[in-house]
Amino acid sequence: MSARSLTTRTLTTRAVVTRLVAIGGATVLIGGLAACSSGGSADEGGGKVQITYQADNSPATAATAEPLIEAFEKANPDITVKFDTRPQGTDGDNLVKTQLSTGEMADVFNYNSGSLMQALNPDNTLVDLSDESWTKDVDEQFTKVVSTDKGVYGAPFGTSFGGGVMYNKKVYADLGLSVPTTWDEFISNSEKIKDAGKVAPIIQTYGDTWTSQLFVLGDFANITAQDKDWADNYTANKESYAKDPALAGFDHLAEGKDKDLYNEDYASATQANGLKMLADGTGAQYPMLTNAISTLQQDSPDAVEDIGAFALPAEDADDTNLTIWEPNGLYIPKTTEGDELAAAKKFIAFANSADGCKVQNDTGTPGGPYVISTCSLPDDVPPMIDDLQKYLDDGKASPALEFLSPIKGPNLEKICVQVGSGITNAAKGADQYDDDVVQQAQQLGIKGW
C-alpha cells in the first residue's frame, strides 16, 4: 500500500503543522500540484533565473517547502523559486503524469519513490542525476528505488520510516519482557501481557481500515530475507501470497484474533484511539508505521520517551528484518533545460545539504532515519528513532513491496479486516488478495498476467 494512503492527516494551524510533520511521513502524503508552470525564465528586472518547485498541497508540505525556498534563495541570490502545489492522492498522481506527457511539469517536483516513480517512464521523462556529487552519499536501498538500468533519477527528501511494532517500554519493563526477535517470542510476550490483565496485548484499529494491513505489509522485509527475488517473481506472477513465506503475514493477523490478543474495541477503534492506548499504557504493542510518532508527540508529548519500536518478527530470528518505507524523491523533468536545469540541480543539492537538512529538522518531527549521510537527525529526536537506526546499521532492513513492485490490489485493507476479525481464515484471505491483484496487473500491462 502506498504510504501516502497510510498516513493522511488534516492539520489546521501552522503551529500544529510545524510540530506534526513527520519528515518521513510527509513522504507518504505526496500527491499533486494544482497549477504549475513548466521551466523557468530569466527575470528581466534583475537577470535572475526563476524555477518552479512542485509538491502536494498539504499544510505539512508548505511548512517545510516555504522555509526551504527562503534559505535556498538567500544562499543563491541569482535564483528565485516559485512554489506550486497539486492535489494529494490519485488526482495528483494523474496530474503529474499529464504534465510530464504534455511538457508542462515544474522544473523540480517532489513525488513518490519506488513503483509510482517507475510508472512515470523515467528514462524518457526525467533527467538522469547519476553524475551529481551528492549521489555518493545516498543509501543504496534508496538509490535502487529511484533508478533504472539507465540512470538515477531522484534525490531523497525527508526521512525513511519503518513498518513494525511500536510498543510501550514501561509495560515491557513492568512485566520483565524483552524485545522479541521471533514470532513465537512475540506471541509469548503478548500472552504474558494478557495474563497480567488490564493492558491490551496487541492494538488493532479497524475503525481506520488501512491500519489493518501492517501485519502483512510490515512483514515484507522478512519475505525478502528468505527470498531476495520474491518481489521480481511476484511481479512476474511467479509468486503469490497464498504460500510461504508471504502467507505468514495473514497467518499472524489471524493468530492474534484466534488467541484473543487484540483490544476489545478493535473493530471500531481508530488510529488516534490506538496511539492513545499505546501512550497511556492501556495497550502494549501496536503494529504501525513509525511516522505516527509525530502524532504522539503532538497529542501525548509526555509519553514519547516511553515508546520504542521493533521489526515485526519472522519465524526465525535470522530472517527478522525491518520493513522500510523510503522517502519521496526530488526529480527534474527533461523539459527543464539550460540555466533552469542548472538552477534546479542546485536546488536539489541544497535540499540535501547540511543547511537544507536543518530546515527539514526545524520544521518537522523525523519519522525515521535519513537516507543520505549529509543529513543528521536532531539531538532531541524521539528515542524510538534510535531503535530503527540499529536495524539499518546492522543491515537488517529493506524496502516495502511497493518500492519494488507496482502490483498492489485495492482491497487489501478490507481483506485484512476480515482476517483480523475472524470472519475469513488466513488461507482464504491470501487467496482473495491474490485474486484482487490480477486486474491491476493486467491494467498495467505486466507480462505473465
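Two strands count as paired if DSSP finds at least two bridges between them. Helices (H or I, at least four residues) and strands (E, at least two) are DSSP runs, numbered from the N terminus.

This is a predicted model, in which local features need pLDDT of at least 70, side-chain atom pairs count only at pLDDT 80 or more, and totals for chains, interfaces and linings use all residues. Residues are numbered from 1 along each chain as its sequence is written, and side-chain values use heavy atoms, with hydrogens and water left out.

**View 1. Strand 13 and its two partners.**
Strand 13 covers residues 328–331. Strand 7 (residues 155–157) runs antiparallel to strand 13, joined by three bridges. Here Phe 157 has Asn 328 of strand 13 as its bridge partner. Strand 4 (residues 108–111) is also antiparallel to strand 13, again with three bridges. In this pairing Phe 109 stands opposite Tyr 331. Asn 328 and Leu 330 point one way from strand 13, while Gly 329 and Tyr 331 point the other way. All four are buried. Buried means under 20% relative accessible area, exposed over 50%, and partly exposed in between (1.4 Å probe, protein chains only).

**View 2. Strand 11 beside strand 8.**
Four bridges pair strand 8 (residues 161–168) with strand 11 in the antiparallel sense. Asn 168 has Ile 307 of strand 11 as its bridge partner. Strand 11 spans residues 307–310 and is covered on both faces. Ile 307 and Ala 309 are buried on one side. Gly 308 and Phe 310 are buried on the other.

**View 3. The two sides of helix 19.**
Met 384, Ile 385, Leu 388 and Tyr 391 are the buried residues of helix 19. They lie on the same side of the helix, because they cover an arc of only 115 degrees around the axis. The arc is that of the directions from the helix axis to the C-beta atoms. An α-helix has 3.6 residues a turn, so residues three or four places apart point the same way. On the other side of helix 19, Asp 386, Lys 390 and Asp 393 are exposed. Lys 390 has a relative accessible area of 51%. Its side chain meets that of Asp 394 in a salt bridge (2.8 Å, N to O). Asp 394 is partly exposed, at 45%.

**View 4. Two further salt bridges.**
A salt bridge is a side-chain nitrogen of Lys or Arg within 4 Å of a carboxyl oxygen of Asp or Glu. By this rule the model has 11 salt bridges. One of them joins Asp 84 and Lys 82, with the closest N and O atoms 2.4 Å apart. Asp 84 is buried, at 7% relative accessible area. Lys 82 is partly exposed, at 34%. In another, the side chains of Asp 260 and Lys 194 meet at 3.9 Å, N to O. Asp 260 lies in the loop between helix 14 (247–258) and helix 15 (271–280), and Lys 194 lies in helix 10 (residues 183–196), so this pair ties together parts that are 66 residues apart in sequence. Lys 194 is partly exposed, at 37% relative accessibility.

**View 5. The largest pocket.**
A pocket is an open set of points on a 1 Å grid over the protein atoms alone, where a 1.4 Å probe fits, with protein on both sides within 12 Å along at least five of seven lines; lining residues have an atom within 4 Å of a point. The largest pocket holds about 1200 Å³ of space. Its lining has 48 residues, and those closest to the centre are Ser 115, Leu 116, Glu 402, Ser 405 and Pro 406. Helix 5 gives the largest share of the lining, five residues. Other elements that supply at least two residues include helix 6 (115–118), strand 14 (397–399) and helix 21 (426–443). By class, the lining has 15 nonpolar, 22 polar and 11 charged residues. Ala, Val, Leu, Ile, Met, Phe, Trp, Tyr, Cys and Pro count as nonpolar, Asp, Glu, Lys and Arg as charged, and the others, Gly among them, as polar.

**View 6. The second largest pocket.**
About 300 Å³ of space lies in the second largest pocket. Of its 21 lining residues, Asp 139, Gln 141, Leu 392, Ala 397 and Ser 398 are the closest to its centre. Helix 12 (220–226), helix 19 (384–393) and strand 14 each supply at least two lining residues. The lining has nine nonpolar, seven polar and five charged residues. Both volumes are the space filled by probe spheres set on grid points, which are joined across faces, edges and corners.
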